[in-house]
Amino acid sequence: MKESTGNPLLIKSLNHISLVCRSVEESIDFYQNVLGFVPIRRPGSFDFDGAWLFGHGIGIHLLQSEDPESMPKKTEINPKDNHISFQCESMGAVEKKLKEMEISFVRSMVEEGGIHVDQLFFHDPDGFMVEICDCDNLPVIPLAGEMARACSRLNLPMVQHQQQIRVIQQ
């Protein structure tokens, strides 16, 4: 029987996302003071402007655009656009803080089986979308064979390992 691991590249975790910026300084300010990321050391061998930040278990690598004026300017906040999502402790506190910071946002809500997930979407200085949600309310339900779990309690490597064992045993 053919072995299937469900993780052919042996990926362990998400390390970072990389974003091209009009102004690295403005983006550092946003990711540090709005989202709570911390600047970290970046290899000195790089011959281009940028910055690395870390927080919430992932890195954000900011790269200075070589032609900032040619970068598209997004103004419409579209929840269906590319984005990164962060879970929070209090949606009310997030909404209050965004209003205090005068950051425009769009509120959305997902309902599934009587469970409600609130979402707030807004842009970073370059128009990259950020979502803040209470997504942990919505269980992660694999399409086949595993029990439902909350996002923060999902141990995917264990689920993948169990799937591998089940496939090998069949």
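Pro39 stands opposite Leu53 in S3. This pairing belongs to the contact between S2 and strand S3 (residues 50-55), which run antiparallel and are joined by 3 bridges. The model examined here is a predicted one. Leu53 in turn stands opposite Ile60 in S4, within the antiparallel arrangement of S3 and strand S4 (residues 58-64), for which 6 bridges are found. S3 and S4 form a hairpin with 2 residues between the strands, in which His56 adopts a positive phi near 55°.

The protein as a whole contains 3 helices and 10 strands. Read from the N terminus, its elements follow the order β-α-β-β-β-β-α-β-β-β-β-β-α. Of the 170 residues, 32% are buried. Among contacts with a separation of 6 or more, 52% are accounted for by residues 24 or more positions apart.

S6 and S7 pair over 7 bridges in the antiparallel sense, and Ser108 has Gln119 in S7 as its bridge partner. The hairpin of S6 and S7 has 2 residues between the strands, and Gly113 takes a positive phi near 60° there. S7 also runs antiparallel to S8, to which 5 bridges join it. Gln119 stands opposite Cys133 in S8. The hairpin of S7 and S8 has 5 residues between the strands, and Gly127 in its turn shows a positive phi of about 90°.

Helix H1 has a buried set made up of Val24, Ser27, Phe30 and Tyr31. These residues lie on the same side of H1, because the arc that they cover around the axis is only 125°. In general, an α-helix has 3.6 residues a turn, so residues three or four places apart point the same way. The strands against which the buried residues of H1 pack are S1, S3, S4, S7 and S8. This list includes S3 and S4, which form one hairpin, as well as S7 and S8, which form another.

The structure holds 6 salt bridges. In one of them, Arg22 is paired with Asp126, with 3.3 Å between the closest N and O atoms. Distant parts of the chain are linked by this pair, the two residues being 104 residues apart: Arg22 lies in the loop between strand S1 (16-21) and helix H1 (24-33), and Asp126 in the loop between strand S7 (115-123) and strand S8 (129-133). Arg22 has a relative accessible area of 19% and is therefore classed as buried, the cut-off being under 20%. Asp126 counts as buried because its relative accessibility is 11%.

The side chains of Lys99 and Glu95 meet in a salt bridge, with an N to O distance of 3.5 Å. Both residues lie in helix H2 (residues 91-100), 4 residues apart, about one turn of the helix. Glu95 also forms a salt bridge with Arg107, for which the closest N and O atoms are 2.0 Å apart. This second pair links distant parts of the chain, Arg107 being in strand S6 (residues 106-112) and Glu95 in helix H2, 12 residues apart. Through shared partners, salt bridges join Glu95, Lys99 and Arg107 into one network. Glu95 is buried, with a relative accessible area of 16%, whereas Lys99 is exposed at 52%. Arg107, with a relative accessibility of 53%, likewise counts as exposed.

Methods
Residues numbered from 1 in each chain as written. Predicted model: local features only at pLDDT ≥ 70, side-chain atom pairs only at ≥ 80, totals over all residues. Heavy atoms only, no water. Salt bridge = Lys/Arg side-chain N within 4 Å of Asp/Glu carboxyl O. Buried < 20%, exposed > 50% of the residue type's maximum accessible area, 1.4 Å probe, protein only. Pairing = 2+ DSSP bridges. Arc of directions from axis to C-beta. Contact = heavy atoms within 4.5 Å.
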